[in-house]
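Me: Please take a close look at one part of this model. I would like a connected walk through a loop and whatever surrounds it.

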Amino acid sequence: MAEPARPRWLPLESNPEVMNKFVKGMGLSGDYEFTDIFGMDPELLAMVPQPVAGVLLLFPIAENYSEFNAQQCEEVRAKGQEVSSNVYFMKQTISNACGTIGLLHCLGNNQDRVTFDDGSYLQKYYAAANGQTPEERGATLEQSDGITTAHEASCQEGQTEAPALEESLDLHFICFVVKDGHLYELDGNKDFPINHGPSSEETILNDTAVVVKQFMARKPDDLRFTLVAFSKKDY
């Protein structure tokens, strides 16, 4: 018997203005916001407001993306890795939802820095997802009508026209955060977080740039790489 088709959303644009409106509409409060990273040169990274609590990467998927993920996970399982129990991780069970899942990864790992309005979509989602497995958190997102509606509205807000719902895309969002002194790559299409080694609030941008350059090396002729930081507002 064939598995039921995955739910499918419209893709979110890598646009800090759209992202900020999206998360605020879902109940995010506090003095952190999403902002552009204009490049990985030291002088460009130095322009990003501090402190940085997370980084979102939008990247083009290579032809062997699934095979690479499977091989990487096999190698990590064989070698072993330390993953802090404080890392918030969820699986992607909705097609084209990677942008929203990247945002949820970012916010979920920074609940000590931000607040959610009482009764808001985000407050309800994280309350429901507390203690769940990554797979259960993905299923909980499927059942969140409020976030689904907010996501759909945000997809119409960007500077580029939203593609047709059935269109197959070759771009993917992931998130990088620092937890308990290590840099984690959070990709809802992978089985678990990837620990990229020691890092800190002060070095997260430079440490993430090292990993992003590895992604770029797999698609050296493709320019569709975009970075967005989640950082304290620069008033």
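Reply: Asn 96 counts as buried, because its relative accessibility is 13%, under the 20% cut-off. Bear in mind that this is a predicted model. Asn 96 sits in the loop between helix 3 and helix 4. Its phi is near 70 degrees, a positive value in a residue other than glycine.

The loop between helix 3 (65-79) and helix 4 (98-108) also holds Ser 84. Ser 84 has a relative accessibility of 10%, so this residue too counts as buried. A polar atom of the Ser 84 side chain lies 3.0 Å from the backbone nitrogen of Asn 86. Leaving out residues up to four places away in sequence, Ser 84 touches Asp 180 and Tyr 184. Those two partners lead to the next part.

Take Asp 180 first. Asp 180 is in the loop between strand 5 (171-179) and strand 6 (182-186). Asp 180 is not a glycine, yet its phi is positive, about 50 degrees. The two strands form a hairpin with two residues between them. Strand 5 and strand 6 pair in the antiparallel sense, over five bridges. Within that pairing, Lys 179 stands opposite His 182 of strand 6.

Now Tyr 184. From strand 6, His 182, Tyr 184 and Leu 186 point one way. Leu 183 and Glu 185 point the other way. Five of the five residues of strand 6 are buried, so the strand is largely enclosed by the rest of the structure. Strand 6 has a further partner: three bridges join it to strand 7 (residues 194-198), and the two run antiparallel. There, His 182 stands opposite Pro 198 in strand 7.

Which residues does Asn 109 touch, not counting residues up to four places away in sequence? They are Asn 86, Val 87, Tyr 88, Val 177, Lys 179 and Leu 186. Asn 109 itself lies in the loop between helix 4 and strand 4 (115-116). Its relative accessible area is 2%, so Asn 109 is buried. A polar atom of its side chain lies 2.8 Å from the backbone oxygen of His 105.

The largest nonpolar core has 41 residues, and Phe 34, Tyr 125, Leu 141 and Phe 230 touch the most other members. Helix 4 gives the most to this core, with six residues. Apart from it lies another core, of 21 residues, among them Ile 174, Ala 209, Phe 215 and Ala 229. In soluble globular proteins, nonpolar side chains tend to be buried together.

Phe 34 has contacts of its own. Leaving aside neighbours within four places in sequence, its partners include Leu 103, Cys 106, Val 228, Ala 229 and Phe 230. Pro 16, Met 19, Asn 20, Val 23 and Leu 56 are also in contact with Phe 34.

A cis peptide bond joins Gln 50 and Pro 51, with omega about -5 degrees. Pro 51 is in the loop between helix 2 (42-45) and strand 3 (52-60).

Methods: Residues are numbered from 1 along each chain as its sequence is written. This is a predicted model: local features need pLDDT of at least 70, side-chain atom pairs count only at pLDDT 80 or more; totals for chains, interfaces and linings use all residues. Side-chain values use heavy atoms; hydrogens and water are left out. Helices (H or I, at least four residues) and strands (E, at least two) are DSSP runs, numbered from the N terminus. Buried means under 20% relative accessible area, exposed over 50%, partly exposed in between (1.4 Å probe, protein chains only). A polar contact is a pair of N or O atoms within 3.5 Å; within protein, one must be able to donate a hydrogen and the other to accept it, and residues adjacent in sequence count only if both atoms are side-chain atoms. Contact means heavy atoms within 4.5 Å. A nonpolar core is a set of buried Ala, Val, Leu, Ile, Met, Phe, Trp, Tyr and Cys residues joined through side-chain atoms within 4.5 Å. Two strands pair if DSSP finds at least two bridges between them.
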